[in-house]
Amino acid sequence: MIRLKNEKQINGIRTSCKMLSAMYRELIPLVKPGIQTAEIDHWVRDWVKKAGGKPVFLGYKPKKVPYPAAICISINEEVIHGIPSKRRIREGDLVSLDCGIDLGGFISDQAVSIEAGKVSADIKKINKITNECLYRGIEAAKAGDRLLQISRAVEKHARSNGYGIVEEYCGHGVGLALHEDPHVPNYPHGANPKLNNGMVIAIEPMINMGAGDIEICDDDWTIVTADGKISAHWEHTIAIFAGKTEILTDPLEDLVF
Ligand code: MF3
Ligand code: CO
């Protein structure tokens, strides 16, 4: 069931989204070669606590093992849900960060892929195209249109560049819980509801240099590409309200490209 949000709820979700993007603006410059991913996680926990929010991923338990950190950090062939650890970021890594905040019951979700130091031309390209896929999807998210228009737009841009699309994971409704209906796949598949006023969704293309196939690691969380090739991930939370589409999280491209 899709929960439509009223203006007051959208205002709350927007405030949560702005907080999350403000956190990223401070965090992104710190994500450089040499930093340990666990240090990033501790920094995020502190920041969110000081700001008066709660890291919504920490302890999130859709399966046996609850997610053990405040942020997902997925490097290179890791697609999503990478768990912070002793691992250090290295020059040339593509580092995808994904985080969400619960601010008084209002949930935000945003992801960004960062180039650590100097990266290869291939990495630069997939990162740019994945970011463009996100905005193609957002442009297709119009009140009164159908949801799979978003999926078609994302798929078209990724495939025309020869990339693979992760099919097992997708965007989602968000705002009052981390994962709500509807599913927002990155290729047209499944339910195709109308985009109505009051819908808040996260659009999040996960795009692979090789095939779309993925595997789950032994930690039960980290998703990697089956062929070991690079994957990129960008995400915004958006709202459809009063006939308009608003990106609730702030753009971060100026810090990345
Ligand atoms: N950000 C992810 C998503 O968009 C959710 C991460 S799951 C968690 O769906 F367990 F890490 F929280
Ligand atoms: Co999400």
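Strands here are DSSP runs of E of at least two residues, and helices are runs of H or I of at least four residues, both numbered from the N terminus. With that convention, β7 and β8 each supply at least two residues of the lining of the largest pocket. The structure is a predicted model, in which local features need pLDDT of at least 70 and side-chain atom pairs count only at pLDDT 80 or more, whereas totals for chains, interfaces and linings use all residues. Residues are numbered from 1 along each chain as its sequence is written, chains are lettered from A and ligands numbered from 1 in the order in which they are written, and side-chain values use heavy atoms, with hydrogens and water left out.

**Metal site**

- The cobalt ion (ligand 2) is coordinated at 2.1 to 2.2 Å by D109 (OD), H172 (NE2), E204 (OE) and E235 (OE), where donors are N, O and S atoms within 2.8 Å of the metal (3.2 Å for Na, K and Ca), and the site may look incomplete because water is not among the atoms.
- Along the chain, these donors follow the spacing D-x62-H-x31-E-x30-E.
- Because H172 lies in strand β7 (residues 171-173) and E235 in the loop between β13 (231-233) and β14 (236-241), this pair ties together parts that are 63 residues apart in sequence.
- H172 counts as buried at 3% relative accessibility, and E235 counts as buried at 1%; buried means under 20% relative accessible area, exposed over 50%, and partly exposed in between (1.4 Å probe, protein chains only).

**Largest pocket**

- The largest pocket has a volume of about 510 Å³, a volume being the space filled by probe spheres set on grid points that are joined across faces, edges and corners.
- A pocket is an open set of points on a 1 Å grid over the protein atoms alone, where a 1.4 Å probe fits, with protein on both sides within 12 Å along at least five of seven lines, and lining residues have an atom within 4 Å of a point.
- Of the 24 lining residues, Y60, H81, Y169, H172 and H179 lie nearest the centre of the pocket, while β8 provides the largest share of the lining, four residues.

**Backbone features**

- A cis peptide bond, with omega about 0 degrees, joins D181 and P182, and P182 is found in strand β8 (residues 180-184).
- N76, although not a glycine, has a positive phi of about 55 degrees; N76 sits in the loop between β2 (71-75) and β3 (78-80) and is buried, with a relative accessible area of 14%.
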